[in-house]
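Subject: Handover of a structure, with findings

Dear colleague,

Please find the structure below, together with its sequence. My findings follow it, and I would ask you to read them with the structure open.

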Amino acid sequence: MDVRIEKSWKGVLSEEFDKPYFQSLIEFVKNEYRTHKVFPPGSLIFNAFDRCSFDDVKVVIVGQDPYHGDHQANGLCFSVNDGIRFPPSLQNIFKELENDLGIEQPKSGNLERWADQGVLLLNATLTVKAHTAGSHQNKGWEEFTDAVLKKVSDKKDGIVFILWGAYAQRKGEFLDRSKHLVLKAAHPSPFSAHSGFFGCKHFSQANDYLSSRTLKTIDW
């Protein structure tokens, strides 16, 4: 199956694209785009991979679903398009960033600037029906993104995995802690941010780890 995705990822994930689950997933997704409003736009489904090649990955942040409101999702977890009001979780991410590194809240919630530096902003599910949270869960995306995480864990060394919330932590249970840094905290949602997300200092910890490996740090 021909999947339009950045070439280094295409090589790493080629065996996934031929598996029956993925072929069924693509048929489901194509039909959803034909018959419903679906986010993100079709050209941005694999934006997380297109903005951050396999070779360039230094940090992985795991999200769950794309935003399901109009004009929000751009294929990167927690990220919104320029000019879009920050969702509550993203507001809290920027609050923690300011508390941790003194970086003032940016004008845009578009996190492409992170992706371009080697941060893979990976949602577990890459598409969603408009205004219907979780509508594309359990259709095959989770199996695909588990395979993505496993390839990164197995084939690379010294990656920072950032797992916010119970869902992301379960998804990352198999990550190889012997050769990667796995950071865990509560989800940045307003319902849980005060239970361990605020004060987690994951941004500075990630940079300290990269620096210890003489890698260029992330300009958050």
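In which loop is the place of Ser189? Ser189 sits in the loop between β6 and α8 (202–212). Helices (H or I, at least four residues) and strands (E, at least two) are DSSP runs, numbered from the N terminus.

Before I go further, please note that this is a predicted model, in which local features need pLDDT of at least 70 and side-chain atom pairs count only at pLDDT 80 or more, while totals for chains, interfaces and linings use all residues. Residues are numbered from 1 along each chain as its sequence is written, and side-chain values use heavy atoms, with hydrogens and water left out.

Buried means under 20% relative accessible area, exposed means over 50%, and partly exposed lies in between (1.4 Å probe, protein chains only). Leaving aside neighbours within four places in sequence, Ser189 is in contact with Ser89 and Asn92, where contact means heavy atoms within 4.5 Å.

The chain as a whole

The protein chain contains eight helices and six strands. Along the sequence they follow the pattern α-α-β-α-β-α-α-β-β-α-β-α-β-α. The C-alpha trace spans about 45 × 35 × 25 Å along its principal axes. For 220 residues, a compact globule would have a radius of gyration near 17 Å, and the protein chain agrees with this at 17 Å. That radius is taken over C-alpha atoms, and the globule rule is 2.2 Å times the number of residues to the power 0.38.

Of the 220 residues in the protein chain, 54% are buried. Among contacts with a separation of 6 or more, 64% are between residues 24 or more positions apart. The accessible surface of the protein chain comes to about 10200 Å², and 47% of this belongs to carbon and sulfur atoms. Such areas come from the Shrake-Rupley method with a 1.4 Å probe; for residues, only the protein chains shown count as cover.

Why is strand β5 (residues 160–164) described as largely enclosed by the rest of the structure? The reason is that five of the five residues of β5 are buried. In a regular strand the side chains alternate between the two faces of the sheet. In β5 both faces are covered, with Val160, Ile162 and Trp164 buried on one side and Phe161 and Leu163 buried on the other.

Two strands pair if DSSP finds at least two bridges between them. Strand β2 (residues 59–63) pairs with β5 in the parallel sense over four bridges, and Val59 stands opposite Val160 in β5. Strand β6 (residues 181–185) also runs parallel to β5, joined to β5 by five bridges. In β6, Leu183 is the bridge partner of Ile162, and Ala185 is the bridge partner of Trp164. From β5 the chain crosses through helix α7 (residues 166–171) to β6, in a β-α-β crossover that is right-handed. Right-handed means that, with the strands pointing away from the viewer, the path from the first strand over the helix to the second runs clockwise.

Helix α1

Which residues of helix α1 (residues 7–17) are buried? They are Ser8, Trp9, Val12, Leu13, Glu16 and Phe17. Seen down the axis of α1, these residues fall within an arc of 155°, so they line one face of the helix. The arc is that of the directions from the helix axis to the C-beta atoms. Lys7 and Gly11, on the other side of α1, are exposed. The cover over the buried residues of α1 includes α2 (20–35), α3 (47–51), β3 (119–123) and α6 (141–155).

Backbone details

The peptide bond from Phe39 to Pro40 is cis, with omega near -10°. Pro40 lies in the loop between β1 (38–39) and α3.

Asn138, a residue other than glycine, has a positive phi near 60°. Asn138 is in the loop between β4 (128–129) and α6, and counts as exposed at 67% relative accessibility. Thr214, likewise a residue other than glycine, has a positive phi near 55°. Thr214 is found in the segment after α8 and counts as exposed at 73% relative accessibility.

Yours sincerely,
A colleague
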